[in-house]
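Okay, everyone, thanks for coming. Let me put the structure up, and then I'll walk you through a few spots.

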Amino acid sequence: MVRVSNNLVGLLNIVTLLLSIPILGAGIWLGHRAHTDCEKFLERPVIALGVFLLLVSLAGLVGACCSVSWLLWLYLLVMFLLIVLLFCFTVFAFVVTNPGAGEVVSGRGYKEYRLGDYSHWLQKRVEDDGNWRKIRSCLREGKVCQRLEERNQTLDEFINNHLSPIQSGCCKPPTACNFTYRSETVWDKPPGFTPSNISDCNTWQNDPSILCYDCQSCKAGVLANVKNDWKKVAVVNIIFLIFLLVVYSVGCCAFRNNRQGNAHPRWKGGFA
């Protein structure tokens, strides 16, 4: 008798095995062309994901199709741990990214962001000097502010424009500073400007390599992006968790079939 559960596990792992190959190839490709910290940051996780999927898929495929019980048991153990980790990460992502939202500025088409509105855990991540140094390097290499400046907008066009959280927080000073607009990334401080109680007003500089990259608003803009991305990832994780639970259930049936087959081997010439 053909064991449907074993065949289904084998089929699902063939699909996963085929998916792992381009993922692993992409990681190797990134490793060869990585010249910046941002590109190098992506290289190792992508390669690790590709290798992990490859090994787990092979274990599940061989265990199910060749009735190797110990290999299928190892596959199910890894799947169980993965389900637990994904569940914990999904709950953590929703909890950590729940607080925080952009504030609407009167007469402006964009929102502005405050670091204190986000969870303390996220705040600590961007306030760490080592972490922020890498993030700031990525922002510069991504040329987000440079692309904004290339729009060559008038003041009226600019204030009615929709800006991303990073553009709003890192490429211009806060509206409360009341600086004079010259271009998207050039704002003049008023004559006789004295240090303000708004720290970002003091931090802002027209130097393209500085701008507001060290401002609290810039860190808040990064966290706003992180929040949006994590929310999307959490939704995808829920769908993936449902898929993993189905695969895990089918794998358990295949494991039970293997054990029953080993306990009651078929007689030569007999029936299953």
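So, Trp 73: it counts as partly exposed because its relative accessibility is 48%, and the label covers anything between buried, under 20% relative accessible area, and exposed, over 50%, with a 1.4 Å probe and protein chains only. Trp 73 sits in helix α3, residues 69-96; helices here are DSSP runs of H or I with at least four residues, strands are runs of E with at least two, and numbering goes from the N terminus.

A word on where this comes from: it's a predicted model, so local features need pLDDT of at least 70 and side-chain atom pairs pLDDT 80 or more, while totals for chains, interfaces and linings use all residues. Residues are numbered from 1 along each chain as its sequence is written, and side-chain values use heavy atoms, leaving out hydrogens and water.

Back to Trp 73. Together with Trp 70, Leu 74, Leu 77, Phe 80, Leu 81 and Val 84, Trp 73 makes a nonpolar surface patch of about 700 Å². For a patch like that, residues need over 30% relative accessible area and no salt bridge, and nonpolar side chains are joined within 5 Å. A salt bridge would be a Lys or Arg side-chain nitrogen within 4 Å of an Asp or Glu carboxyl oxygen.

Now helix α10, residues 216-263, where we find Ile 242. Buried or exposed, this Ile 242? Exposed, because its relative accessible area is 52%. Ile 242 and Ile 83 are 159 residues apart in sequence, yet 9.3 Å apart in space, C-alpha to C-alpha.

On to the rings. How many aromatic pairs does a search of the whole structure find? Ten, where ring centres of Phe, Tyr or Trp (its six-membered ring) must lie within 6.5 Å, and planes under 30 degrees apart are stacked, over 60 edge-to-face, the rest tilted. Phe 240 and Phe 243 are a stacked pair, 6.2 Å centre to centre with 20° between the planes. Both are in helix α10, three residues apart, about one turn. Phe 240 is partly exposed at 34%, and so is Phe 243, at 39%.

There's also an aromatic cluster of Phe 89, Phe 92, Trp 121 and Trp 230. Arg 125 lies over the face of Trp 121, 4.6 Å from the ring centre; the cut-offs are NZ of Lys or CZ of Arg within 6 Å of the centre and within 35 degrees of the ring normal. Lys 219 has its charged end over the ring of Trp 132, 5.6 Å from the centre.

Notes: Patch = residues over 30% accessible without salt bridge, like charges linked within 9 Å, V, L, I, M, F, W, Y side chains within 5 Å. Areas by Shrake-Rupley, 256 points an atom, 1.4 Å probe, with all protein chains shown as cover.
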